[in-house]
Amino acid sequence: MSRVTQRVLVLVLVVVVVGIALLLADRARDVEEAGDQVAATETVGTEAAAEPIPVVDTERDREIFQETMAWARAERLDTLPIGEIIARLGETYVGTPYVAQTLEIEGPERLVINLRALDCVTYVENMLAMARLIREGKFDDYDAYTRELLRIRYRDGILDGYPSRIHYFSEWIANGEEKGLVRNITRELGGDRDLEKIDFMTSNADAYPKLADPENVEAMREVEERVTQLERYVIPEDRIADVESQIQDGDIIAATSTIDGLDITHTGIALWRNGRLHLMHAPLVGKSVEISERPLAERIQGIRGQDGIMVARPL
């Protein structure tokens with residue numbers, strides 16, 4: 001074999017080897033790109049397959065939401081601090097009928113939206129949820145509203161049966177703080193430590209239809225043990241007037257209970273009127289959302305079943 005022939009063969013061999021290497025590299029890129037496409041498809045599929053939030057509402061609730069948001073947009077509430085947004089929103093719901101136990105429905109636990117009638121807790125929750133959307137400029141997103149309300153109402157924002165709803169308001173504040181929704185300012189206002197054992201629901205299980213299920217009772221007993229261990233602070237009724245100047249419009253007020261085993265008996269929103277701090281709330285007595293006639297301090301002192309307050313500042 002001549003030297004020329006040998007060189008030709010070597011050159012051909014080199015070309016073949018390089019060609020095979022390039023082909024393998026192309027195939028590797030194809031496989032990687034295909035893998036990326038599959039991964040992207042799986043991600044989209046996962047989001048698409050995510051279970052929708054089980055919501056109980058009516059067309060009128062959606063209309064009220066839209067009307068509220070249209071008003072908030074016109075009033076430029078999105079330019080205000082979150083507390084002022086809550087206070088302004090809360091005033092528009094003065095006169096809304098009070099209805100107790102709107103969240104207690106038959107069947108599995110679902111996210112109940114009722115803007116037609118409110119109780120003291122759902123009033124606070126709905127004002128907070130809408131205010132947070134307004135601050136973000138989400139005036140037309142009802143789905144975002146349902147997600148925000150679920151995040152506020154359920155422990156860690158997860159709906160997983162009756163016990164996953166936050167039933168004790170001191171836990172509502174603590175979990176809200178963990179979720180970045182509120183800041184508990186009770187201790188810095190000079191609150192005293194509350195060491196009372198919390199067990200009202202399981203001690204009065206007959207009053208709660210969902211506690212006919214032994215599994216729910218056991219789950220709630222575990223919840224009560226955790227709530228008992230929380231560092232709970234209370235501003236006694238005789239010191240509320242001394243610290244009211246440090247409470248702002250839109251702060252969330254929780255009235256502490258004198259009933260054994262119960263942490264909070266009523267909730268509302270702080271509102272300044274004529275130089276004094278009042279409570280904007282949905283009371284049982286009065287039958288509709290109102291602004292208290294008496295300042296908050298005098299109101300608490302005049303109610304036998306309440307002996308102080310906790311204060312949470314929206315974030």
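Strand 7 provides the largest share of the lining of the largest pocket, with four residues. The model examined here is predicted. Besides strand 7, helix 4, helix 6 and helix 7 (200-203) each supply at least two residues of this lining. In total, 40 residues line the largest pocket. Those nearest its centre are Tyr98, Asp119, Cys120, Val121 and Thr265. The volume of the largest pocket is about 1200 Å³.

The largest nonpolar core comprises 50 residues. Within this core, Tyr123, Met130, Tyr145 and Trp172 have the most contacts. Five helices contribute at least two residues each: helix 2 (59-74), helix 3 (82-92), helix 4 (120-135), helix 5 (142-153) and helix 6 (169-178). Strand 6 (252-257), strand 7 (264-273) and strand 10 (306-314) likewise each supply at least two. Helix 4 gives the largest share of the core, nine residues. In soluble globular proteins, nonpolar side chains tend to be buried together.

Another core, of 16 residues, lies apart from the largest one. Its members include Ala270, Leu296, Ile300 and Val311.

The surroundings of Trp172 were examined next. Neighbours within four places in sequence were set aside. Trp172 is then in contact with Val124, Glu125, Leu128, Ile152, Ile166, Val182 and Ile252.

Arg132 is located in helix 4. This residue is buried, because its relative accessible area is 7%, and the cut-off for burial is under 20%. Residues up to four places away in sequence are again not counted. On that basis, Arg132 touches Ile82, Glu148, Arg151, Gly180, Leu181 and Leu315.

The whole structure holds four aromatic pairs. One of these joins Phe65 and Tyr142 in an edge-to-face arrangement. Their ring centres are 5.3 Å apart, and the planes form an angle of 80 degrees. Phe65 belongs to helix 2 and Tyr142 to helix 5, so the pair links distant parts of the chain, 77 residues apart. Phe65 and Tyr142 are both buried. Phe65 also pairs with Tyr145, and this pair is stacked. Here the centre-to-centre distance is 4.8 Å and the angle between the planes is 20 degrees. Phe65 lies in helix 2 and Tyr145 in helix 5, so the pair ties together parts 80 residues apart in sequence. Tyr145 is buried, as is Phe65. Through these ring pairs, Phe65, Tyr142 and Tyr145 are linked into a cluster. Tyr145 is also among the residues with the most contacts inside the largest core.

Strand 5 covers residues 232-236. Five of its five residues are buried, so strand 5 is largely enclosed by the rest of the structure. Arg232, Val234 and Pro236 point one way from the strand. Tyr233 and Ile235 point the other way. Residues on both sides are buried.

Strand 5 pairs with two other strands. With strand 4 (residues 192-194), the pairing is antiparallel and runs over three bridges. Arg193 stands opposite Tyr233 of strand 5. Strand 5 also runs antiparallel to strand 10, to which two bridges join it. Ile235 has Ile309, in strand 10, as its bridge partner.

Methods: Residues are numbered from 1 along each chain as its sequence is written. This is a predicted model: local features need pLDDT of at least 70, side-chain atom pairs count only at pLDDT 80 or more; totals for chains, interfaces and linings use all residues. Side-chain values use heavy atoms; hydrogens and water are left out. A nonpolar core is a set of buried Ala, Val, Leu, Ile, Met, Phe, Trp, Tyr and Cys residues joined through side-chain atoms within 4.5 Å. Buried means under 20% relative accessible area, exposed over 50%, partly exposed in between (1.4 Å probe, protein chains only). Contact means heavy atoms within 4.5 Å. Two strands pair if DSSP finds at least two bridges between them. Rings of Phe, Tyr and Trp (its six-membered ring) pair if their centres lie within 6.5 Å; planes under 30 degrees apart count as stacked, over 60 as edge-to-face and the rest as tilted. On a 1 Å grid over the protein atoms alone, a cavity is a set of points where a 1.4 Å probe fits but cannot get out, and a pocket is an open set with protein on both sides within 12 Å along at least five of seven lines; lining residues have an atom within 4 Å of a point. Grid points are joined across faces, edges and corners, and a volume is the space filled by probe spheres set on the points.
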